[in-house]
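Please read the numbered points with the sequence and the model at hand.

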Amino acid sequence: MNNELDQKELEQKDFECLERRGFLRSVLAVGALSTLQSCNFTPSDASSRITRGLVRFNDEMQAWLFKSSRLAREYPDSMITNPFPFNAFYDRSKIPVIDPMTYQLEVLGRIRNRKSWTLAELSSLPQISQTTRHIAAEGWSAIGKWKGIRLSDFLLRIGADTKAKYVGFKCSDDYYTSIDMASALHPQTILALSFSDKPLPTEHGFPLRLKIPTKLGYKNPKHITAVYVTDVFPGGYWEDRGYNWFAGV
Ligand SMILES: Nc1nc2c(c(=O)[nH]1)N[C@H]1C(S)=C(S)[C@@H](COP(=O)(O)O)O[C@H]1N2
Ligand SMILES: [Mo]
């Protein structure tokens, strides 16, 4: 038997499979988008129920295609974007001011250890660094260096039920979002405490934000005040306004 040939055939199959997945992903995304545009969301409307069904189906397909072993690209520090853009659903004058001395991170839902975390306690946990690209739905992208606690480590530490479906985030500015558990456990998903080797600047989410380079910008909540684990679909600020919930990049 020719092992080398077998290996080549296998690789070819892998490649074709990947190609098909990419195609499927685009078809689903386009399908969901066009239905989103062609109807108004009246709850009683049958077409909106179908659209919501399709959108959920799209999320489930994306979740199914998601590979926790696939890493987002990391860049050399020489490629860091400076200045790094600011974005929020408000302008710079409304950036929340948080007192680091009284700040507490609440942990809620399907977890064992409900104790809140001070900034000093969070800062004492082991941290990892990443230089990754932030891809914003508004059409810009930027490379930044972020350091923080692996969300998977933190979830283990608080005794989270990692069989639960969602991890949700509440922010001090009324922003909120949520991610699927597989993405929460991805090795590059971090609760970032620092940006460019300094504490997070206020505009980039002081004192704590999520950096999840496998998802679009709006899945990276800033100024996080609570993390919760749940089986009840939590949605998100932009997601509840029609943006795709899974939002993988
Ligand atoms: N708390 C909070 N987090 C947020 C937002 C927001 O308005 N409030 N906007 C999101 C969007 S749409 C983007 S693109 C990024 C922008 O992050 P940056 O300001 O660090 O570039 O933050 C995300 N997280
Ligand atoms: Mo965004």
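1. Leaving out residues up to four places away in sequence, T162 touches M181 and L185, where contact means heavy atoms within 4.5 Å. T162 itself is found in the loop between α4 (151–157) and β5. Helices (H or I, at least four residues) and strands (E, at least two) are DSSP runs, numbered from the N terminus. At 29% relative accessibility, T162 counts as partly exposed; buried means under 20% relative accessible area, exposed over 50%, and partly exposed in between (1.4 Å probe, protein chains only). T162 and A182 are 20 residues apart in sequence, and their C-alpha atoms are 8.8 Å apart in space.

2. On the basis of the note: this is a predicted model, in which local features need pLDDT of at least 70, side-chain atom pairs count only at pLDDT 80 or more, and totals for chains, interfaces and linings use all residues. Residues are numbered from 1 along each chain as its sequence is written, chains are lettered from A and ligands numbered from 1 in the order in which they are written, and side-chain values use heavy atoms, with hydrogens and water left out.

3. On the chain as a whole: its secondary structure comes to 5 helices and 10 strands. The chain has 249 residues, and buried residues make up 43% of them. Of the contacts with a separation of 6 or more, 68% are between residues 24 or more positions apart. The accessible surface of the chain is about 13,500 Å², and carbon and sulfur atoms hold 56% of that surface. Accessible areas come from the Shrake-Rupley method with a 1.4 Å probe; for residues, only the protein chains shown count as cover.

4. Which residues are the closest to ligand 1? They are P85, D173, H204, R209 and K222, among 24 residues that surround the ligand; a residue is near a molecule if one of its heavy atoms lies within 4 Å of it. An oxygen atom of ligand 1 is 2.5 Å from an N or O atom in the side chain of K222. Backbone atoms also take part: a polar backbone atom of N87 is 2.9 Å from an oxygen atom of the ligand, and one of N220 is 3.0 Å from a nitrogen atom of the ligand. Taken alone, ligand 1 exposes 540 Å², and the protein buries 100% of that.

5. The space taken by ligand 1 is the largest cavity. On a 1 Å grid over the protein atoms alone, a cavity is a set of points where a 1.4 Å probe fits but cannot get out. A molecule sits in a cavity if more than half of its atoms lie within 2 Å of its grid points.

6. Is D180 buried or exposed? D180 is buried, because its relative accessible area is 8%. This residue lies in strand β6 (residues 176–180). Its side chain makes a polar contact with the side chain of K215 at 3.0 Å. A polar contact is a pair of N or O atoms within 3.5 Å; within protein, one must be able to donate a hydrogen and the other to accept it, and residues adjacent in sequence count only if both atoms are side-chain atoms. Leaving aside neighbours within four places in sequence, D180 is in contact with K165, K215, W245 and F246.

7. Two cis peptide bonds deserve attention. One joins N82 and P83, with omega about 0 degrees, and P83 is found in the loop between α2 and β1. Another runs from F206 to P207, with omega near 0 degrees; P207 is in the loop between β8 (198–199) and β9 (209–211).

8. P100 is placed in the loop between α2 (46–65) and β1 (104–109). P100 counts as partly exposed, because its relative accessibility is 37%. Apart from neighbours within four places in sequence, P100 is in contact with L119 and F206. P100 and P207 are 107 residues apart in sequence, yet 7.1 Å apart in space from C-alpha to C-alpha.

9. Most residues other than glycine have a negative phi, and most peptide bonds are trans. D174 has a positive phi near 75 degrees and lies in the loop between β5 (166–171) and β6. D197 has a positive phi of about 65 degrees and lies in the loop between β7 (190–195) and β8. D174 counts as exposed at 63% relative accessibility, and D197 counts as exposed at 57%.

Terms used:
On a 1 Å grid over the protein atoms alone, a cavity is a set of points where a 1.4 Å probe fits but cannot get out, and a pocket is an open set with protein on both sides within 12 Å along at least five of seven lines; lining residues have an atom within 4 Å of a point.
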